[in-house]
Amino acid sequence: HMFVAHVSTSLGEVYARQGRLEEAVRMHKLALRVYRRASEGDSAEVAVALSDLGSVLRLQGLHDRAMERLEEAYEMFRRLYGDDHEHVASLLNGMALVLRYQGRLAEALPMLEKALDIARRTQGSDHDN
């Protein structure tokens with residue numbers, strides 16, 4: 001079953017790049033179902049699948065549904081890796097992007113600042129100023 005999830009994820013990514021968003025959503029949902037069945041509780045695979053699905057839903061303009069998936073992925077990554085991890089920063093950036101598209105800039109800004117702070121602490125920066 002895991003191979004089905006891996007291939008579905010790859011197909012979803014290709015479909016999304018081709019603008020075939022309905023098909024991309026279908027593939028990412030399939031991958032998410034398989035990963036959820038295969039794992040007990042939190043897993044990186046489930047969190048990534050949630051993030052992938054959220055990203056495609058954002059591209060479709062389904063911002064509320066996208067945010068739900070991204071928030072779930074964010075919380076899962078925080079439980080798995082703690083607050084200072086690149087996946088956590090990436091999800092903060094993704095959620096802020098949804099908020100930006102909704103015109104909710106005041107809410108997006110602290111998320112982006114937190115994402116940048118995490119990235120600097122975990123990956124370093126040549127340009128701290």
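Here is a short chat about reading this predicted model.

Reader: Before we start, what sort of model is this, and how are residues numbered?

Author: This is a predicted model, where local features need pLDDT of at least 70, side-chain atom pairs count only at pLDDT 80 or more, and totals for chains, interfaces and linings use all residues. Residues are numbered from 1 along each chain as its sequence is written, and side-chain values use heavy atoms, with hydrogens and water left out.

Reader: How many helices and strands does the chain have?

Author: Helices (H or I, at least four residues) and strands (E, at least two) are DSSP runs, numbered from the N terminus. Here you get 6 helices and 0 strands. The radius of gyration, taken over C-alpha atoms, is 15 Å, close to the 14 Å that the globule rule gives for 129 residues, so the chain is as compact as a globular protein of that length. That rule is 2.2 Å times the number of residues to the power 0.38.

Reader: What share of the residues is buried?

Author: Buried means under 20% relative accessible area, exposed means over 50%, and partly exposed is in between (1.4 Å probe, protein chains only). In this chain, 38% of the 129 residues are buried.

Reader: What about charges, which side chains can pair?

Author: Side chains of opposite charge can pair when their charged atoms come close. A salt bridge is a side-chain nitrogen of Lys or Arg within 4 Å of a carboxyl oxygen of Asp or Glu. The count here is 9 salt bridges. One of them joins Glu 72 and Arg 36 (2.9 Å, N to O). This pair links distant parts of the chain, with Glu 72 in helix H4 and Arg 36 in helix H2, 36 residues apart. Arg 104 also bridges to Glu 107, with the closest N and O atoms 2.8 Å apart. Then there's a network: salt bridges with shared partners join Glu 75, Arg 78 and Asp 83.

Reader: Which residues gather in the patch of positive charge?

Author: Patches are made of residues with over 30% relative accessible area and no salt bridge; like charges are joined within 9 Å, nonpolar side chains (Val, Leu, Ile, Met, Phe, Trp, Tyr) within 5 Å. Lys and Arg count as positive, with the charge placed at NZ of Lys or CZ of Arg. Look for Lys 29, Arg 33, Arg 37 and Arg 65 on the surface. Helix H2 (residues 21–38) gives the largest share, 3 residues, while Arg 65 is in helix H4 (residues 63–81).

Reader: And which residues make the nonpolar patch?

Author: Phe 3, Val 7 and Leu 11 make that one, about 280 Å², with areas from the Shrake-Rupley method. Val 7 sits in helix H1 (residues 2–17) and counts as partly exposed because its relative accessibility is 34%.

Methods: Areas by Shrake-Rupley, 256 points an atom, 1.4 Å probe, with all protein chains shown as cover.
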